Amino acid sequence: MREVLLVAAKDLRIELRSRVLLFQVAPFAVATLVLLGFALDADRSALRHFSAGLFWVAVLLTALLAAQRSVAVEHAGRAADALLLSATGPARIFAGKALALAAQLAALELLLGVAMVVLYDARIEHFGLAVASAAAATVGIAAAGTLYGVLAAPLGVRETLLPVLLLPVFAPVLIGATRAFGDALGTAAVNGWAWFGLLGLFALVYAVFGALAYGPLLEAET
Amino acid sequence: MESAVWLRDAVCCRGGFPALAGVDLDVAEGEILLLRGPNGAGKTTLLRLLAGLATLDGGRGTVLGCDLQSDRRALRPHVGLLGHDLMLYEDLTVGENLRFFAALAGASGAEVRGALERLEVASRLHDVSLRRLSAGQRKRVATAVLALRRPRLWLLDEPHAGLDESGRGAVNRLVRDAAGSGATVVLASHEAPAAAEVATRTVHLAGGVAVSRDAEGASPPAEVPDA
């Protein structure tokens, strides 16, 4: 656990120092939400009705940037080699990097949540469901993003390949999180907790699969 | 004397090209071996192979008793590699880089300070981002990180490049101390005078093969895996 936290803290410290998350990713996230609002012609009732889906589209597009960034910090200067040469197991490296990515996504979701309330006039009716489904979706996105990031890392075209690989993988998260959030916001008559279950399953599958597959994929990067 | 490195007909391909095309090499424990050869001779690939970071595509080899075909992961924690890429985080400060790698290696704060002093990295630089340092200063920091790991096998790719006179001296002192404490050092360098000061033997590589080596090599390890 100590090494997981070390790797996670290192990634978060890099983001604090570089300010890429603050000055590039966060403005992109808000701009996405604003543009999606423009696409619906600023019809406030429509915006409110579709706010759950628009929120998660913005989160997933933002997650692509954050996942790219998570790969790039290890790729620059071959820092991943230093992790391989340490006694740290690849599953712990995966967990640390996924944890850091999840923390960054959680911060971005908080920002987008505030923007959604302000811009779309959304109101959260079931706070517990909203938080639980966001947490499960975030873990799933972070695990899948970390795994597919290292898969695309050795390829020279990773900047364009990673979104092509990740967006189809994110589709179940988009569907599940939109439904769960729709229930939490009172804009969809569905059982949000059932969709939360799907999100939890997605997170579990990618967390386990990532811990197992990260090592061989990191080896391929060398 | 036991072999730290034992290679027979080692082949290593990079992108389908045989960067090493049948290398035989013995390095005894505590030895300081200098690899020389023109660009593209395979020096960097050989160092990455010995670090367990490149795959052995043909031939046989053991490093520190670990088979390069089947046991690369067990080897890595005992190896320190200083490559062309310094394997550090550019956005972190000198101190943050050192503390992170020291924590992974289980090194103490005193060891961090000791490594920085030995590499003559000024304390005023500790809070400076790595990307703001000169190439020579970065090389010193990367060498300090390597020293913190206390490896049994030091693999140094152009360790003197970009360093001033005092930096070269500091690296050579570190290499001598490492060998003196029983570690083995393999260094590749085009800086012949600086490298020759510390090397106990020289091997020339050309076209992915060792074209000359001392007849007095180390004896093969007690257990050599079957081909």
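Q: What counts as a helix here?
A: A helix is a DSSP run of H or I with at least four residues, numbered from the N terminus. One caution before we use it: this model is predicted.

Q: How much space lies in the largest pocket?
A: About 310 Å³. Sixteen residues line this pocket. The closest to its centre are A:Glu109, A:Leu110, A:Val131, A:Ala134 and A:Phe181.

Q: Which helix gives the largest share of that lining?
A: H6(A), with seven residues. Helix H6 covers 90–120 of chain A. Helix H7, 127–152 of chain A, also takes part.

Q: Now the surface. Which residues make the nonpolar patch of about 610 Å²?
A: A:Leu201, A:Leu204, A:Val205, A:Val208, A:Phe209 and A:Leu212 make it. Take A:Phe209 as the example. Find it in helix H9 of chain A, residues 192–221.

Q: On to chain B. In which order do the four strands of the open sheet stand?
A: Read them as S2-S1-S4-S5. The pairing is antiparallel.

Q: Which strands stand at the edges?
A: Strand S2 (17–28) and strand S5 (66–67) of chain B. Each has a single partner strand, so one side of each is left without a neighbour in the sheet.

Q: How many bridges join S1 to S2 in chain B?
A: Nine. Strand S1 spans residues 3–14 of chain B and runs antiparallel to S2(B). To see the pairing at one position, find B:Val11: opposite it, in S2(B), stands B:Ala21.

Q: Is strand S3 of chain B largely enclosed or left open by the rest of the structure?
A: Largely enclosed, because four of its five residues, within 32–36, are buried.

Q: Which way does S8 run beside S3 in chain B, parallel or antiparallel?
A: Parallel, with four bridges joining S3(B) to S8(B), residues 184–188. Look for B:Leu34, which stands opposite B:Leu187 in S8(B).

Q: And in which sense do S3 and S9 of chain B pair?
A: In the parallel sense, over four bridges. Strand S9 covers residues 201–206 of chain B. Here B:Leu33 stands opposite B:Arg201. So trace S3(B) with S8(B) for one set of four bridges, then with S9(B) for another four, and recall that S3(B) is largely enclosed because four of its five residues are buried.

How values were computed: Residues are numbered from 1 along each chain as its sequence is written. Chains are lettered from A and ligands numbered from 1 in the order in which they are written. This is a predicted model: local features need pLDDT of at least 70, side-chain atom pairs count only at pLDDT 80 or more; totals for chains, interfaces and linings use all residues. Side-chain values use heavy atoms; hydrogens and water are left out. Buried means under 20% relative accessible area, exposed over 50%, partly exposed in between (1.4 Å probe, protein chains only). Helices (H or I, at least four residues) and strands (E, at least two) are DSSP runs, numbered from the N terminus. Two strands pair if DSSP finds at least two bridges between them. Patches are made of residues with over 30% relative accessible area and no salt bridge: like charges are joined within 9 Å, nonpolar side chains (Val, Leu, Ile, Met, Phe, Trp, Tyr) within 5 Å. Accessible areas come from the Shrake-Rupley method with a 1.4 Å probe; for residues, only the protein chains shown count as cover. A salt bridge is a side-chain nitrogen of Lys or Arg within 4 Å of a carboxyl oxygen of Asp or Glu. On a 1 Å grid over the protein atoms alone, a cavity is a set of points where a 1.4 Å probe fits but cannot get out, and a pocket is an open set with protein on both sides within 12 Å along at least five of seven lines; lining residues have an atom within 4 Å of a point. Grid points are joined across faces, edges and corners, and a volume is the space filled by probe spheres set on the points.
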